Amino acid sequence: MASNISLHSILLVLIIITLYYKVVVGWVPVITDPTKGFVSQRLNESNLVIQRPYDVPENRRYRFDNGVHKLWVFNTDKPHSIISNTNPRTEIRVKGYDYSSGVWQFEAYGYVPCGTSGVCIMQVFGSAPPYATTLMLRVYNGTLAYYRAPVVAPNIYDRWFRLNVIHDVEASRVEVYINGVLKYEGSGRGGASHYFKCGVYAQNDDSYYMESRWKKIRILKKCD
């Protein structure tokens, strides 16, 4: 009897320790609603401006079908402007909600097909020199990263994921959530004005073909 009680006690302690490490240390992700306390802003077609290689028609690099924005680009493509020397891109530039203060949020569902690599799929544009962006989310061989590192989410290929990016201008903080789980938080980079973009923008070590898909895009602002 004593040995049974002792064994039961040991098992109970082991269960408690396991639960502690899963919940407190982080084995089990804490799922939250990043949009709580935010107000969704009105978006229409005029707010979603397509930037694509300047020498091809829009329908050869972008398609909107059944609520899904499909954007693709080749690493041999021209920049989005004849006077630009930047890398090839096909991106949605959110207009009408440029901001210089407050707490703003980008929300959308994203999808990256296997093979797309060396590409920025979402960015918070605007920062203090020498940078141009406050945040870039890039894909390298199926891994989603904050610039090159740290890793935000592994195994991102061929699955829809909910992305929430929060930028607190005054606090100079950015947060990235994947499927309601906080995956990255860090400092901002200053700057006088910011806006959100998503799509495909070639970076270093880019694949020949790059594609991402987006649906249910929302811009939100934190309640005062």
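Tutor: A salt bridge is a side-chain nitrogen of Lys or Arg within 4 Å of a carboxyl oxygen of Asp or Glu. By this rule the structure has ten salt bridges. Please note that this is a predicted model, in which local features need pLDDT of at least 70 and side-chain atom pairs count only at pLDDT 80 or more, while totals for chains, interfaces and linings use all residues. Residues are numbered from 1 along each chain as its sequence is written, and side-chain values use heavy atoms, with hydrogens and water left out.

Student: Which residue forms a salt bridge with Glu 91?

Tutor: The partner of Glu 91 is Lys 197, with a distance of 2.9 Å from N to O. Glu 91 belongs to strand S5 (residues 89-94) and Lys 197 to strand S14 (residues 195-202), so the pair ties together parts that are 106 residues apart in sequence. Strands (E, at least two residues) and helices (H or I, at least four) are DSSP runs numbered from the N terminus.

Student: Is Glu 91 buried or exposed?

Tutor: Buried means under 20% relative accessible area, exposed means over 50%, and partly exposed lies in between, with a 1.4 Å probe and protein chains only. Glu 91 is buried, because its relative accessible area is 0%. Lys 197, at 2%, also counts as buried.

Student: How do Glu 185 and Arg 173 meet?

Tutor: Their side chains form a salt bridge of 3.8 Å, N to O. This pair links distant parts of the chain, twelve residues apart: Glu 185 is in strand S13 (residues 181-187) and Arg 173 is in strand S12. Glu 185 counts as partly exposed at 46% relative accessibility, and Arg 173 likewise counts as partly exposed at 33%.

Student: How should I read a pair of strands?

Tutor: Two strands pair if DSSP finds at least two bridges between them. Strand S6 (residues 103-111) and S11 are antiparallel, with eight bridges; Glu 107 has Asn 164 in S11 as its bridge partner. S11 is also joined to strand S12 (residues 173-178) by six bridges, again in the antiparallel sense. There, His 167 stands opposite Val 174. S11 and S12 form a hairpin with four residues between them, and Ser 172 in the turn has a positive phi of about 55 degrees.

Student: Why is S11 described as largely enclosed by the rest of the structure?

Tutor: Strand S11 covers residues 161-168, and seven of its eight residues are buried, so the strand is largely enclosed. For the protein chain as a whole, buried residues make up 45% of the 224 residues. Its secondary structure comes to one helix and 15 strands.

Student: How many disulfides are counted?

Tutor: A disulfide is a covalent bond between the sulfur atoms of two cysteines. The rule applied here asks for a pair of cysteine sulfur atoms within 2.5 Å, and the count comes to zero. As for individual cysteines, Cys 114 counts as exposed at 57% relative accessibility, whereas Cys 223 is partly exposed at 44%.

Student: What does the sequence separation of contacts show?

Tutor: Contact means heavy atoms within 4.5 Å. Among contacts in the protein chain between residues at least 6 apart in sequence, 69% join residues at least 24 apart.
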